[in-house]
Amino acid sequence: MRKQLQISLALVLAGSAFVVSAQTAASTSSPAQGQAPAPTPVAARSVTQAPVQAKVAMCIGCHGIPGYQASFPEVHKVPMISGQNAKYISAALNAYAKGERKHPTMRGIAQSLTEQDIAEISTFYEQQVKVDPVPETIDPPPAVKALLDKGNCASCHGANFSKPIDGTYPKIAGQHADYLYVALKSYQTEGKPYLGRANAIMAGQVKQFSHAELKTLAKYLATLPGELRTVPQSKFR
Ligand code: HEC
Ligand code: HEC
């Protein structure tokens, strides 16, 4: 109890420090002082006892900015995670933390989270948007249908690619095409220190496809109506 009080106090103080420095910055025209104050190191305080808004504060800078691009391993949009299955978000964060997914930035972030943080953050993002249900089935052009059939993709991700058969499997309909392409290629990558995903199921799937075919699949899946969104959020409210 006492610890919690101290932490809320620390949060309040951190919040007011930001307001103060923001005002200072606003009242001077010097560009040097106009720089944003150093962000409060969220991971350094007890993330576990903070409210979920404080826990997702470190995600917003990338996942809460529509169209935000990452540059590693190539330029692509950061994945939409709002509306994604909570169980899949947890599975992905655990995979980064364990190193099964090797993306360096997401590894560092996932490692700073406790199990409880991951559970709360995952539920938060799953529930952050409610969208109208998308059509149950899709009608892909023949060339794309042949690829989807060859990989039996719908058998796991659902007939409309928004209803996976298991909560730990992702919704992929409507996800950014450039991200889907990077993700698909990452399941083909082995033996690189900072690159690749070691998921046995998807590794088996992508083996049979060329990069050009993966790109065709990614582009098509991105055009489908989906349940994933990027929800813009301000960091301090
Ligand atoms: C510096 C930018 C950045 C920050 C901050 C960030 N992410 Fe990410 N996130 C990414 C990128 C880029 C990827 C794609 C990584 C890959 O290729 O595997 C990603 C991937 C993910 C994925 C996997 C999505 C999928 O469809 O498989 C999840 C889940 C995720 N991030 C959650 C979070 C959470 C939760 C936070 C905050 C605690 C966070 N991220 C903070 C950039 C960021
Ligand atoms: C046997 C079940 C199964 C089949 C078949 C399957 N997938 Fe997957 N897929 C999964 C699972 C499980 C994951 C999550 C893997 C992980 O945790 O990294 C996944 C992940 C993905 C991702 C990464 C999504 C993200 O947000 O990062 C993409 C893209 C994808 N699958 C596309 C496909 C395509 C395209 C096909 C057909 C060629 C396919 N999948 C076939 C089970 C399957």
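What follows covers the overall fold, the helices and the ligand shells.

This is a predicted model, in which local features need pLDDT of at least 70, side-chain atom pairs count only at pLDDT 80 or more, and totals for chains, interfaces and linings use all residues. Residues are numbered from 1 along each chain as its sequence is written, and chains are lettered from A and ligands numbered from 1 in the order in which they are written.

**Overall fold**

- The protein has 10 helices and 2 strands. Helices (H or I, at least four residues) and strands (E, at least two) are DSSP runs, numbered from the N terminus.
- From the N terminus, the order is α-α-β-β-α-α-α-α-α-α-α-α.
- Of the 237 residues, 26% count as buried. Buried means that 20 or more other C-beta atoms lie within 10 Å of the residue's own, exposed means 12 or fewer, and partly exposed is in between; C-beta atoms are placed from the backbone.
- Among contacts between residues at least 6 apart in sequence, 70% join residues at least 24 apart. Two residues are in contact if their C-beta atoms, placed from the backbone, lie within 7 Å.

**H2 against H5**

- The axes of helix H2 (residues 52-63) and helix H5 (residues 115-127) come within 10 Å and cross at roughly 80°. Axes are lines fitted to C-alpha atoms, for helices over the stretch in contact, and angles run from 0 to 180 degrees between N-to-C directions.
- H2 and H5 are therefore roughly perpendicular. That word covers 65 to 115 degrees; under 35 is roughly parallel, over 145 roughly antiparallel, and the rest oblique.
- Val-52, Lys-55 and Val-56 of H2 meet Asp-117, Glu-120, Ile-121 and Phe-124 of H5.
- This contact has 4 nonpolar, no polar and 3 charged residues. Ala, Val, Leu, Ile, Met, Phe, Trp, Tyr, Cys and Pro count as nonpolar, Asp, Glu, Lys and Arg as charged, and the others, Gly among them, as polar.

- H5 has 13 residues and reaches 19 Å from first to last C-alpha, close to the 18 Å expected at 1.5 Å a residue. The expected span is 1.5 Å times one less than the number of residues.
- Buried residues of H5 include Asp-117, Glu-120 and Ile-121. The buried residues of H5 pack against H2 and H3.
- In H3, the buried residues are Ile-89, Ala-91, Ala-92, Leu-93 and Tyr-96. Their cover includes helix H4 (104-111) and H5.
- Gly-99 follows H3 with a positive phi, near 90°.
- H8 is mostly covered, with 7 of its 10 residues buried. What covers them includes strand S2 (76-77), H9 and helix H10 (211-223).

**Ligand 1**

- The shell around ligand 1 holds 21 residues; the closest are Cys-59, Cys-62, Ala-70, Ala-92 and His-103. A residue is near a molecule or strand if its C-beta atom, placed from the backbone, lies within 6 Å of it.
- H2, H3, H4 and H8 each give two or more residues to this shell. H2 gives the most, with 5.
- By class, the ligand 1 shell has 15 nonpolar, 5 polar and 1 charged residues.

**Ligand 2**

- Around ligand 2 there are 23 residues; the closest are Gly-151, Cys-153, Cys-156, Ala-183 and Asn-199.
- Helix H3 (86-98), helix H7 (154-157), helix H8 (177-186) and helix H9 (200-206) each give two or more residues here.
- The ligand 2 shell divides into 15 nonpolar, 7 polar and 1 charged.
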